[in-house]
Amino acid sequence: MRGSLVTLQKLVHLFPSDTSFKNDLGVGYLLIGDNSNAKKVYEEVLSLAPNDGFAKVHYGFILKAENKIAESIPYLKEGLESGDPGTNDGRFYFHLGDALQRMGDKEAYKWYELGYQRGHFASVWQRSLYNVKGLKAQPWWTARETSYTELVKIKYSIMHPGTHVWPHTGPTNCRLRMHLGLVIPKEGCRIRCAQENRTWEEGKVLIFDDSFEHEVWQDAESYRLIFIVDVWHPELTAQQRRTLPAI
């Protein structure tokens, strides 16, 4: 990658008005985690070609990574609306929708719907980007529908009053997530997965597919403690379970 960057830097120097080389250089910087130099490159592109959609989506992506949520939205939106080559990517629909949600803007679901229509998401609600095709997709599961013989990851989660976890999705549809209630206040704690809200109960289990959008509220007067176990999706084959990384 470093060698490719050197080549692109030379091409940019030789052809300073060719924005395609600059755009490729920006991607190169992003691939090695150098967002600072990538940002400078896309600022140069947009100074030369203000309507360059490729530069806009990448610049918006960088702004969002810097937690400049409101500033990122017009760049992501205008870049996607441009239809320029390289802009029709699920990650940009994902990040635009997420930015809009964080600003309390319901237009997020318009972009999730477009992302779904263009084949980037399994549905408006199930927006994980790294998936195995053909697995049963439903937000909530019962213990009878799955098994816990192969545990992927185990952890505890404590949540204090006043906490709100933004709507988000997990990275893959290969796992299901189990929540066992340990210390649950009588009122004020709830979780939404897709379009259904549920509450925890001490000693009982909730199972859901976290590749669907989910959100958590903790409005109780005391802390909430749960035990979290990730399990493989029950429809994965033995071969898939051996070869997929534990996420």
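1. Buried means under 20% relative accessible area, exposed means over 50%, and partly exposed is in between (1.4 Å probe, protein chains only). The strand spans residues 214-218, and five of its five residues are buried. Strands (E, at least two residues) and helices (H or I, at least four) are DSSP runs, numbered from the N terminus.

2. A word on the basis. This is a predicted model: local features need pLDDT of at least 70, side-chain atom pairs count only at pLDDT 80 or more, and totals for chains, interfaces and linings use all residues. Residues are numbered from 1 along each chain as its sequence is written, and side-chain values use heavy atoms, with hydrogens and water left out.

3. Next, the sheet. Four strands form an open sheet in the order β3-β8-β5-β6, with antiparallel pairing. The edge strands are β3 and β6 (196-198), each pairing on one side only. From one strand to the next, the twist averages 15°. That angle comes from axes, which are lines fitted to C-alpha atoms (for helices over the stretch in contact); angles run from 0 to 180 degrees between N-to-C directions. Two strands pair if DSSP finds at least two bridges between them.

4. What joins β8 to its partners? On β3 (residues 163-168), four bridges make an antiparallel link to β8. Five bridges join β5 (residues 189-193) to β8, also antiparallel. Valine 216 of β8 is the bridge partner of valine 165. Isoleucine 191 also stands opposite valine 216. Arginine 192 stands opposite glutamate 215 in β8.

5. Charged side chains deserve a look here. Arg127, Arg192, Glu213 and Glu215 are linked in a network of salt bridges. A salt bridge is a side-chain nitrogen of Lys or Arg within 4 Å of a carboxyl oxygen of Asp or Glu. By this rule the count comes to 20 salt bridges.

6. Is arginine 127 buried or exposed? Arginine 127 has a relative accessible area of 1%, so it counts as buried. Its place is in the loop between α7 (108-117) and β1 (140-141). Not counting residues up to four places away in sequence, arginine 127 touches Phe94, Gln101, Tyr112, Phe121, Thr169, Ser211 and Glu213. Contact means heavy atoms within 4.5 Å. With tyrosine 112 there is a polar contact between side chains, at 3.5 Å. A polar contact is a pair of N or O atoms within 3.5 Å; within protein, one must be able to donate a hydrogen and the other to accept it, and residues adjacent in sequence count only if both atoms are side-chain atoms.

7. Lysine 77 forms a salt bridge with glutamate 107, with the closest N and O atoms 3.2 Å apart. Lysine 77 lies in helix α5 (residues 69-82) and glutamate 107 in the loop between α6 (90-102) and α7, so the pair ties together parts 30 residues apart in sequence. Glutamate 107 is partly exposed, at 23% relative accessibility.

8. Arginine 190 and aspartate 219 meet through their side chains in a salt bridge (3.8 Å, N to O). This pair links distant parts of the chain, 29 residues apart: arginine 190 is in strand β5, aspartate 219 in the loop between β8 and β9 (224-232). Arginine 190 is partly exposed, with a relative accessible area of 29%.
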